[in-house]
Amino acid sequence: MPPKPSAPDAVRALRAAQAAEARGDAAEALRRYGQVLARRPDDIEALARSGVLLGAQGAFAAAAERLERATQLRPGDAESWLALAMAQLRLGQGPGAEAAARRSLEAAALDPRAWTVLGDSLADQGKREASAAAYRRALELRPDYAPALANLAVVLAQLGRSAAAAAVLAKALAASPADADMWRNLALLRAESGDAAGALAAAEQVESLAPASGDAAVLRGEIAQRCGDVAGALAAFGAALAAGGERPEIVAAQASLLQRAGRQSEAEGLLAAAADRHPASAIIHFKLGEALQRLGRSAAAIAAFERALAADPADAAGASLSLARLTGRIPARCPDAWVARVFDLFADRFEQHLRGLDYRVPEHLAAMVAQSFAQGALGRLSVLDLGCGTGLCGAILRPLAARLDGIDLSPRMAAAALARRVLGRTAYDAVDVGEAVSLLADRAARYDAVVAADVLMYVGDVGPCLEAVAGALRPGGVFCFNVEGAGADEGEICLRASFRYAHRRDHVERRARDAGLEVEEAVEAELRAEAGHPIAGWLVRLRRPEQAG
């Protein structure tokens with residue numbers, strides 16, 4: 001075993017590392033910093049600089065480990081805190097990245113980089129308004145700072161402010177005019193806000209900067225599609241396919257446009273040919289199934305949906321639900337991957353959509369919870385919002401709860417819920433992403449109340465969910481939820497064309513008793529409007545008995 005380097009050797013290694021870093025030789029610099037740390041494990045300079053270099057090479061876990069140690073040893077080092085925030089952000093540790101960015105700002109409050117990384121960490125947690133404020137602060141300090149401009153544009157787009165996002169992105173491009181990706185984003189944002197001419201001008205910049213990418217026609221198709229120009233989108237997607245750039249998602253987009261134009265047979269022919277060339281593409285088989293179903297060819301549609309399900313057993317497209325409508329074979333619940341995908345896509349406009357549906361379920365369920373306990377207990381309850389979505393229930397439940405947790409299948413919905421604030425604080429203490437039954441398995445007797453607004457309509461047999469909730473309730477705890485009511489001609493459980501389940505009251509009550517829960521209340525109500533018609537259902541309150549028996 002070679003001897004450890006002496007102190008003079010460590011000093012020489014540090015100087016050699018700094019020289020290597022200065023000339024851009026990262027590999028040699030890291031090797032030399034490693035020699036320093038072998039002799040002096042707490043050398044702050046070696047820890048900090050090697051952490052920065054490791055982060056630049058994508059070794060984020062190793063970078064975070066060294067930078068955490070460097071910040072412990074030198075807590076006023078703004079650069080180390082900033083590098084740590086960047087590493088933690090890439091590791092998906094949004095709260096840790098936010099804390100590190102704030103520590104960097106304590107030491108260097110006028111650094112636009114730190115404000116931008118703070119904005120990134122807030123955006124990662126779904127705190128979009130706070131993220132936008134951080135980016136704006138960075139731009140006050142440096143108006144042409146391209147990363148802050150570009151990321152502010154993204155957040156504004158997510159908030160539904162397409163025109164404002166496009167304006168910010170145009171400023172970013174003034175600072176980085178050769179960034180083809182930013183030009184592409186600008187084109188789509190302008191199309192989203194109805195500026196077709198501006199979108200096409202941005203698309204021309206993409207084509208000039210990346211002529212070999214082969215995506216120019218696809219981008220023009222996306223622009224036309226967003227501007228409502230079906231014929232133009234069809235022509236552009238057709239050109240993309242003719243150029244040999246066939247991708248399943250382009251074929252699927254063109255088929256959808258043909259269907260919108262009433263050209264059902266053409267859509268079916270396009271998809272059938274593509275299915276032969278892309279036998280493992282779930283989206284192609286799924287869209288083919290939809291086309292065949294529209295043409296009344298049920299047997300062929302069933303076969304296509306079955307191929308889609310075989311290609312993607314997780315079933316993000318929802319093929320099993322389409323099969324259920326054709327065959328009557330009702331799945332136990334909607335596929336988790338489908339629910340997560342649908343609500344991820346819907347997250348940005350979810351609340352705006354509900355505002356037009358006369359939707360009052362969260363208020364009704366919160367009132368049920370409040371009526372379930374003595375006045376003195378309110379404000380001290382442990383509450384779970386099951387299927388919390390963007391946090392509509394959380395805003396109403398927070399005053400009742402000492403602790404409020406959320407669970408949702410959609411990462412983007414969960415991030416929005418976690419960012420929601422009420423009464424000067426975050427609405428939720430914690431929000432977990434995942435499937436409810438599995439997540440509740442290790443939460444025995446944790447909650448006084450569980451609420452589920454518009455959740456059980458994505459479940460067929462409610463039994464497993466009720467059993468999981470019963471286990472998570474404390475004795476005397478309540479479960480308040482709603483279901484769509486099945487009509488007399490629909491059976492005990494039915495899957496409607498909306499891909500939402502409806503349940504008869506007797507099914508819910510029987511499965512509640514099987515789970516050991518008492519039915520305290522089941523109130524008939526209009527849950528919301530759909531296509532101008534009220535959707536009837538039940539508001540239900542179940543209670544776990546104080547004593548088993």
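**Exercise 1. Work out how helix H7 passes helix H8, and in which relative direction the two run.**

Start with the handedness: in this predicted model, the crossing of H7 past H8 is left-handed. Next, look at the axes. H7 covers residues 112-124 and H8 covers residues 128-141, and their axes come within 8 Å and cross at roughly 170°. Angles over 145 degrees count as roughly antiparallel, so H7 is roughly antiparallel to H8.

Now find who does the touching. From H7, the contact takes in Pro112, Trp115, Thr116, Leu118, Gly119, Asp120, Leu122 and Ala123. H8 answers with Ala130, Ser131, Ala134, Tyr135, Arg137, Ala138 and Leu141. Sort the residues of this contact by type and you get 10 nonpolar, three polar and two charged.

**Exercise 2. Locate Ala445 and Phe499, and decide whether each is buried, partly exposed or exposed.**

Take Ala445 first. It sits in the loop between helix H25 (436-440) and strand S6 (447-452). With 34% relative accessibility, Ala445 counts as partly exposed.

Then hop over to Phe499, in the loop between strand S8 (493-495) and strand S9 (501-503). Phe499 isn't a glycine either, yet its phi is positive, at about 65°. The cut-off for buried is under 20% relative accessible area, and Phe499 has 18%, so it is buried.

**Exercise 3. Step back and describe the chain as a whole: what does its secondary structure come to, and how much of it is buried?**

Count the elements: there are 27 helices and 11 strands. Then check burial: 49% of the 549 residues count as buried. For the dimensions, the C-alpha trace spans about 85 × 65 × 50 Å along its principal axes. Finish with the surface, where the accessible area comes to about 24,500 Å², 53% of it belonging to carbon and sulfur atoms.

Terms used:
Residues numbered from 1 in each chain as written. Predicted model: local features only at pLDDT ≥ 70, side-chain atom pairs only at ≥ 80, totals over all residues. Heavy atoms only, no water. Helix = DSSP H or I, 4+ residues; strand = E, 2+ residues; numbered from the N terminus. Buried < 20%, exposed > 50% of the residue type's maximum accessible area, 1.4 Å probe, protein only. Areas by Shrake-Rupley, 256 points an atom, 1.4 Å probe, with all protein chains shown as cover. Axes fitted to C-alpha atoms, helices over the stretch in contact; angles between N-to-C directions. Parallel < 35°, antiparallel > 145°, perpendicular 65-115°, else oblique. Left-handed = near helix turned anticlockwise from the far one by under 90°. Contact = heavy atoms within 4.5 Å. Nonpolar A, V, L, I, M, F, W, Y, C, P; charged D, E, K, R; others polar.
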